[in-house]
Amino acid sequence: MPVLVEPDTPTVTSLLKAMPPGSHGVSTTDRMRAWLDQHPDEYVVVLGPDLELDDALKIAEDLRTTKPTVSVVLVVAALDTQVLTRAMKAGARDVVQADDIGAISEAIKQAHQLFVALRGPSGAKSVGRVVTVFSPKGGVGKTTMAVNLSLALCEGGARKVCLVDLDLAFGDVAITMQLFPTHSIEQAIGSEDSLDFAMLEGLLTRHQDSMMVLAAPPHPDIRERVTPVLVSRILRTLKEGFDYVVVDTAPSFDDQVLTALDETDECVIVATLDVPTLKNVKVALETLEMLNIASGHRHLLLNRADDAVGIGSDKVEAILGMPVAASVSTSIDVAAATNAGTPIVTDQPQHGASSAIVRLASTLAGEPVSAPISDDAAQQDEPAEKGRRMFRRKKESPA
């Protein structure tokens, strides 16, 4: 999947239209490097026109030697001989003007042809994983946890993540993230036999932290028109273009939720420390076991977990017969961040709740996940990170 580095969000939206379906946009060069570390099969990096030219040329020069199979396509506001000469010397494969959409597409196509020639035809197609966040009881903070977990897995753009709001009657993902979708899952109704990734990508809404969202329908009556077959086709199609597809579900075992659970690789069950919720979760776990859903891949997340209520983690584990994978304590900061539309993992990465969610994300990913930071913080921190990299290079270079 081609990756675009561009700090200006409207420009990202515009340039991604010229790139193949599944292309990914990040706002900083550090996020690009994290993406390349996670995706060794990447074949092209597109550097947007709002990057400083000197910085873009340094990236091209660095990738020429460290990742020679990765082509660099430099997009500039105005093309002249001097820029072209400097770019070619730095190792850029192509230089195109921002308003020449056809040239951008052709440059990426040629980069893929070169990659295939250097590496050979790719083997098995990479397929992402479905993480379903479920609770049989409403009001436990399931959507808040799903949003924060998705952002943690995204890690500021290092991985490509799509959050699907499958609470089809009363989904709150969009409003929780302060998004205003122009499309939702409603526009996919009736396309069970024709749905492909390019079509589905047009229904997604981009969040500022490089994450995509498939929003729930705006009206509850649409829910009945979303068939289980469509849900299955949507999740399988999204897996073709995303590293992780996180599904926020309705608090019930309806047909759509059961279909999502059938497609699930990892299931996160959210519970709170009250007897009615634990009773419902116990029944839900027995149902999952009976249906053989996500056996060995279920993770219990305790939200608003405080021993003061008289039920501790040990007692929960004894009642439910499974270990607690993550525990998020009650905090007004979580609610305040949610109400402000800035989820806690990006608003306060060092917060205890953020740390617990990031640890769970690491478990799901099977590798360490760093706490994500907001775009503003990333841009402020980038000079410092460049300094740290220079220091490390000096330290590692032979005397």
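**Close-up views of a predicted model**

**View 1. Serine 232 and its contacts.** Apart from residues within four places of it in sequence, serine 232 contacts Thr259 and Glu263, where contact means heavy atoms within 4.5 Å. The model is predicted, with local features requiring pLDDT of at least 70 and side-chain atom pairs counted only at pLDDT 80 or more, while totals for chains, interfaces and linings use all residues. Residues are numbered from 1 along each chain as its sequence is written, and side-chain values use heavy atoms, with hydrogens and water left out. Serine 232 belongs to helix H9 (residues 228-239); helices (H or I, at least four residues) and strands (E, at least two) are DSSP runs numbered from the N terminus. With a relative accessibility of 13%, serine 232 counts as buried. Buried means under 20% relative accessible area, exposed over 50%, and partly exposed in between (1.4 Å probe, protein chains only).

**View 2. The eight-stranded open sheet.** The strand order is E8-E9-E7-E10-E6-E11-E12-E13, and the pairing is mixed. Its edge strands, E8 and strand E13 (324-328), each pair on one side only. Two strands are taken to pair if DSSP finds at least two bridges between them. Strand E7 (residues 161-166) is joined in the parallel sense to strand E9 (residues 212-214) by three bridges, and valine 164 stands opposite leucine 214 of E9. Helix H6 (residues 142-154) lies across strand E6 (129-134), E7, strand E10 (244-249), strand E11 (266-271), E12 and E13, at about 175° to E10. Helix H11 lies across E6, E11 and E12 and runs at about 160° to E11. For these angles, axes are lines fitted to C-alpha atoms, for helices over the stretch in contact, and the values run from 0 to 180 degrees between N-to-C directions.

**View 3. Strand E10 and its two partners.** Six of the six residues of E10 are buried. Tyr244, Val246 and Asp248 point to one side of E10, whereas Val245, Val247 and Thr249 point the other way, and all are buried. In a regular strand, side chains alternate between the two faces of the sheet. E6 runs parallel to E10 and is joined to it by five bridges; valine 131 stands opposite valine 246 of E10. E7 is also parallel to E10, with six bridges between them, and valine 161 has tyrosine 244 as its bridge partner in E10.

**View 4. The loop between helix H11 and strand E12.** Isoleucine 293 is located in the loop that connects helix H11 (275-290) and strand E12 (298-303). This residue is buried, with a relative accessible area of 3%. Not counting residues up to four places away in sequence, isoleucine 293 touches Leu261, Asp262, Leu288 and Arg298. Cysteine 267 lies 26 residues from isoleucine 293 in sequence and 8.6 Å from it in space, C-alpha to C-alpha. Alanine 294 is also placed in the loop between H11 and E12. Although not a glycine, alanine 294 has a positive phi of about 50°; it is buried, at 12% relative accessible area.

View 5. Arginine 304 lies between E12 and helix H12 (313-320), in the loop. Its phi is positive, about 50°, although the residue is not a glycine. Arginine 304 counts as partly exposed, at 38% relative accessibility.

**View 6. The five-stranded open sheet.** The strands follow the order E2-E1-E3-E4-E5, with parallel pairing. E2 and strand E5 (94-97) are at the edges with a single partner strand each, so one side of each has no neighbour in the sheet. On average, neighbouring strands are turned by 25° against each other, direction ignored. Strand E1 (residues 3-5) and E2 run parallel and are joined by three bridges, with valine 5 having valine 26 as its bridge partner in E2. Helix H5 (residues 101-119) lies across strand E3 (44-47), strand E4 (71-76) and E5, at about 165° to E5.

**View 7. The second largest pocket.** This pocket has a volume of about 610 Å³. Among its 25 lining residues, Thr13, Leu16, Glu201, Leu204 and Met212 are the closest to its centre. On a 1 Å grid over the protein atoms alone, a pocket is an open set of points where a 1.4 Å probe fits, with protein on both sides within 12 Å along at least five of seven lines; lining residues have an atom within 4 Å of a point. Helix H1 (9-16) supplies four residues, the largest share of the lining.

Conventions. Points joined across faces, edges and corners; volume = space filled by probe spheres on them.
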